[in-house]
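Please have a look at the chain shown here. My comments follow as numbered points.

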Amino acid sequence: MHPTPAAAAVTGEHDDNELAACVVVVDFWANGFGMRARIALHVLQVGFGFVEEDLRIRERSDLVLRMNPVHRSVPILIHRGRPIYGSINILQYIDEVWAKRVGTRLLPPDPLKRASARFWADFVDHEVFSTQTRFLKSKGEEKEMAKAELLDQLRRLEGVLGDRSFFSGDEFGFLDIVLIPFSSMFHGYKWVKRCKERESMRQVLPDEGEMYELHKKWYGIE
């Protein structure tokens, strides 16, 4: 069974007064991009409600259409009744709003290191994720080419990690959160195992077997 965040209950009606009174994540349980927001909130000890948006259904809910009328997609973070969308944008918002309260920053304080973290986050979203998707969808020679490309991209990220425990050093942070939801494809890495030892991971990351079954249906894997 997929994980449910330890959060205040949110009713099915989702009225404006209720949404204005709490922090809410609107997402599908298996959406890697949305897992980022939930992991970050757990890391910074922010209580939140979770509203399921089933991406297996083509039509989007009234809540998603109202809160994100431009892209009509999830994840959406609702804070004080106002929506924030885009998983990287949401992560930075969470960091700016709540990090000082607990004394833990997701993004490094140094501007150069912040810029580097954002660069590699973009690399994950536009290179690693697209290659991983192509690998899952393809067959034969095309699949082998995608596999080789994915391994090369992972080696680049290994070079960024170096001999550190996490991408931010000794502390779990922004780039770790960006990449870890997609780790079911490379779960043997020591970095993945270190991340999964954290309570915030256990509360969010789905069972790998359940994810595999879902990928089989989505991508037509035999």
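The points below go from the overall fold to single residues.

1. Basis. This is a predicted model, in which local features need pLDDT of at least 70 and side-chain atom pairs count only at pLDDT 80 or more, while totals for chains, interfaces and linings use all residues. Residues are numbered from 1 along each chain as its sequence is written, and side-chain values use heavy atoms, with hydrogens and water left out.

2. Fold. The chain holds 10 helices and 4 strands. Both are DSSP runs numbered from the N terminus: helices are H or I with at least four residues, strands are E with at least two. Read from the N terminus, the order is α-β-α-β-α-β-β-α-α-α-α-α-α-α.

3. Of the 222 residues, 47% count as buried. Buried means under 20% relative accessible area, exposed over 50%, and partly exposed in between, with a 1.4 Å probe and protein chains only. Contacts are heavy atoms within 4.5 Å. Among contacts between residues at least 6 apart in sequence, 63% join residues at least 24 apart.

4. Main core. The largest nonpolar core has 53 residues. Such a core is a set of buried Ala, Val, Leu, Ile, Met, Phe, Trp, Tyr and Cys residues joined through side-chain atoms within 4.5 Å. Ile39, Leu41, Ile94, Leu157, Phe174 and Trp191 have the most contacts inside this core. Two or more residues come from each of β1 (23–27), α2 (32–43), α4 (87–102), α5 (111–137), α6 (140–161), α7 (174–179), α8 (190–196) and α10 (208–219). At least three residues come from each of domain 1 (15–102) and domain 2 (111–219). These bounds come from an automatic or database domain assignment.

5. Ile39 and a second core. Beyond its neighbours within four places in sequence, Ile39 is in contact with Phe172, Ile177, Ile180, Pro181, Ser200, Met201, Val204 and Leu205. A separate, second core has 9 residues, including Val64, Met67, Val74 and Ile78.

6. Cys195. This residue lies in helix α8. Cys195 is buried, at 0% relative accessible area. Setting aside residues up to four places away in sequence, Cys195 touches Phe166, Phe172, Ile180 and Met201. Ser165 is 30 residues from Cys195 along the chain, with 9.1 Å between their C-alpha atoms.

7. Val23. Strand β1 holds Val23, which is buried at 9% relative accessibility. With neighbours within four places in sequence left aside, the contacts of Val23 are Leu41, Val46, Gly47, Phe48, Gly49, Leu77, Ile78, His79 and Trp98. Arg82 is 59 residues from Val23 in sequence, and their C-alpha atoms are 9.6 Å apart.

8. Glu53. Is Glu53 buried or exposed? Glu53 is buried, because its relative accessibility is 5%. Glu53 sits in the loop between β2 (49–52) and α3 (62–67). The side chains of Glu53 and Ser61 make a polar contact of 2.7 Å. That term means a pair of N or O atoms within 3.5 Å; within protein, one must be able to donate a hydrogen and the other to accept it, and residues adjacent in sequence count only if both atoms are side-chain atoms. Apart from neighbours within four places in sequence, Glu53 is in contact with Val26, Asp27, Phe28, Glu59, Arg60, Ser61, Val64 and Val74.

9. Backbone points to check. Most residues other than glycine have a negative phi, and most peptide bonds are trans. The bond from Val74 to Pro75 is cis, with omega near 10°. Pro75 is in the loop between α3 and β3 (76–79). Arg72 is found in the loop between α3 and β3 and has a positive phi near 55°. Arg72 is exposed, at 51% relative accessible area. Arg80, in the loop between β3 and β4 (82–85), has a positive phi near 55°. Arg80 is exposed, at 65% relative accessibility.

10. Largest pocket. Its space is about 320 Å³. On a 1 Å grid over the protein atoms alone, a pocket is an open set of points where a 1.4 Å probe fits, with protein on both sides within 12 Å along at least five of seven lines; lining residues have an atom within 4 Å of a point. Of the 17 lining residues, Pro108, Lys113, Arg164, Phe167 and Ser168 are the closest to the centre. α5 gives the most to the lining, with 4 residues.

Terms used
Points joined across faces, edges and corners; volume = space filled by probe spheres on them.
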